[in-house]
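Trainee: I would like to learn how to read a protein structure. Could you walk me through it, feature by feature?

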Amino acid sequence: MENTTEPEFEKISEQASEASSKASLDNNEEQKVTAFEVEAGETGVDYDRLIDQFGCDRIEARHLEKIEQLTGQKPHRFLRRNIFFSHRSLDWCLKSFETGRGFYLYTGRGPSSSSLHVGHAVPFIFTKYMQEAFDLPLVIQLTDDEKFFHKQVLTFENVYKMGYENIKDIIAFGFDPEKTFIFSDIDYIKYLYPNVCKMQKALTLNNVKGVFGFNDSDNAGKYSFPAIQAAPSFSNTFPHIFGKKKNVPCLIPQAIDQDPYFRMTRDIAKKLKYEKPGCIQSKFFPAITGLSGKMSASLAHTTIYLSDDPSQIKNKINKHAKSGGGDTLKEHREKGANLEVDIPYQYLTFFLEDDDELARIAEEYSSGRMLTGEIKEICAKVITDFITEYQERRSKVTDEDVKAFTAIRPIDPKSSKMPPKPDKTMEEAKK
């Protein structure tokens with residue numbers, strides 16, 4: 001009989017599952033990466049060390065080759081430039097697709113502001129690419145409950161309202177309405193709850209404390225929520241898509257700081273006899289002021305929102321974007337720019353599609369021939385073009401679109417690009 005479960009299983013100890021990653025950097029500064037906080041030195045997060053500490057696997061050239069082979073499309077720039085850089089069980093998901101079993105995508109958004117910023121766009125841009133390239137069903141979770149538990153200043157009503165507006169923001173990325181289901185935890189809890197209960201019973205208080213660092217003063221909602229985030233990674237949570245099937249593989253595009261949730265989920269999945277979810281993980285979109293943290297919606301003057309106009313974008317980049325250029329014109333001409341810490345260049349690696357043009361800019365700027373003002377101007381234009389196009393799509397999203405995407409309705413789980421499942425042999429049929 002065909003083995004439908006990923007063969008290897010890694011037991012995650014409580015110590016190995018801790019949400020935080022602290023490491024002494026060469027400059028004696030520490031980095032801290034948790035599900036709730038990102039801090040690093042001036043040179044940014046050491047992602048190689050983070051992979052080793054979290055126990056993820058590196059995305060390699062062979063993964064890009066396999067994706068191109070299966071989809072017939074050039075891998076996304078986020079893959080080509082190592083922005084999505086690590087994974088769990090990506091090989092298994094690709095094998096499942098190649099053998100006709102398929103997989104589905106799951107990502108999410110925690111509504112804590114009325115407008116998304118450009119950092120929030122990264123997982124949605126990549127998820128849209130994956131959905132189109134593989135023709136996959138996609139579920140998108142609005143964790144309105146989580147934000148209520150974690151943000152003391154937010155009322156239940158405010159979080160729910162922001163979630164509704166964020167659904168419109170998400171739709172504007174261009175997801176396939178025939179293949180996409182968006183849901184609020186508050187609205188969909190009836191269907192989440194059976195698997196939430198199974199997860200909660202399999203978890204101990206010490207498990208959750210060990211993974212997320214909660215203490216006895218934290219509200220009970222914080223302890224209960226991780227099981228809610230885990231539930232969408234099991235296919236039978238969505239009977240209108242998969243029926244009662246509990247073994248359809250799930251792949252979760254996410255930033256690396258969300259890994260603790262799914263290390264925990266993969267551990268418990270084995271106990272529940274469920275398929276372990278796979279993850280494909282991105283680097284952080286850096287704060288405009290430097291690589292020491294990720295962009296935050298709470299710092300309005302240094303955050304580029306998807307609702308900003310061209311003058312606001314230009315002003316924020318010109319005034320606040322940390323430069324890797326020389327302190328003086330003479331020094332810059334002689335030594336060139338440090339691309340690794342230069343925020344305008346880093347932003348271009350995320351949003352400039354043309355590889356050749358990016359390489360040209362890197363050469364000109366690192367050599368000192370291109371000045372800081374010039375690369376900031378290029379960066380502002382690229383970001384403005386992206387946001388302007390996004391705003392045009394967002395302006396056309398209606399309440400009826402929200403109803404369509406959030407309706408509990410049949411969705412075809414099959415991909416038109418997936419090879420047919422091999423016929424069973426007579427011996428397998430007898431079993």
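## A walk through the model

Mentor: Gladly! Let us start with a helix: in H10, the buried residues are Gly221, Lys222, Tyr223, Phe225, Pro226, Ala227, Ile228, Gln229 and Ala230. Please keep in mind that this is a predicted model.

Trainee: Which residues does helix H10 span, and how many of them are buried?

Mentor: Helix H10 runs over residues 220-230, and nine of its eleven residues are buried, so the helix is mostly covered. Residues count as buried when their relative accessible area is under 20%.

Trainee: Which residue caps the N-terminal end of H10?

Mentor: Asparagine 219 does, with a side-chain oxygen 3.0 Å from the backbone nitrogen of glycine 221.

Trainee: Now to charged side chains. How many salt bridges are there?

Mentor: To find one, look for a side-chain nitrogen of Lys or Arg within 4 Å of a carboxyl oxygen of Asp or Glu. By this rule the count is 28.

Trainee: Are lysine 222 and aspartate 218 buried or exposed?

Mentor: Both lysine 222 and aspartate 218 are buried. There is also a network, in which salt bridges with shared partners join Lys74, Arg77, Arg80, Arg81, Glu353 and Asp355.

Trainee: What can I learn from the salt bridge of glutamate 132 and lysine 128?

Mentor: Begin with the distance: the closest N and O atoms of this pair are 2.7 Å apart. Then look at the helix, since both residues belong to H5 (residues 118-134) and sit four residues apart, about one turn of the helix. Glutamate 132 has a relative accessible area of 43%, so it is partly exposed. Lysine 128 is partly exposed too, at 21%.

Trainee: And how far apart are N and O in the salt bridge of glutamate 60 and arginine 62?

Mentor: There the N to O distance is 2.9 Å. Glutamate 60 is partly exposed, with a relative accessible area of 40%, and arginine 62 is partly exposed at 43%.

Trainee: Let us turn to cysteines. How many disulfides does the structure hold?

Mentor: A disulfide is a covalent bond between the sulfur atoms of two cysteines. This structure holds zero disulfides. Take cysteine 56: its nearest cysteine sulfur belongs to cysteine 279 and is 7.8 Å away. A disulfide needs sulfur atoms within 2.5 Å, so cysteine 56 is in no disulfide. Cysteine 56 is buried, with a relative accessible area of 7%, and cysteine 379 is buried at 1%.

Trainee: Where is serine 282, and why does it count as buried?

Mentor: Serine 282 is in strand E10 (residues 278-282). It counts as buried because its relative accessible area is 2%, and the cut-off is under 20%. Leaving aside neighbours within four places in sequence, serine 282 is in contact with Ile83, Phe84, Phe85, Val122, Gln254, Ala255 and Ile256.

Technical notes:
Residues numbered from 1 in each chain as written. Predicted model: local features only at pLDDT ≥ 70, side-chain atom pairs only at ≥ 80, totals over all residues. Heavy atoms only, no water. Helix = DSSP H or I, 4+ residues; strand = E, 2+ residues; numbered from the N terminus. Buried < 20%, exposed > 50% of the residue type's maximum accessible area, 1.4 Å probe, protein only. Contact = heavy atoms within 4.5 Å. Polar contact = N/O pair within 3.5 Å; in protein donor to acceptor, adjacent residues only side chain to side chain.
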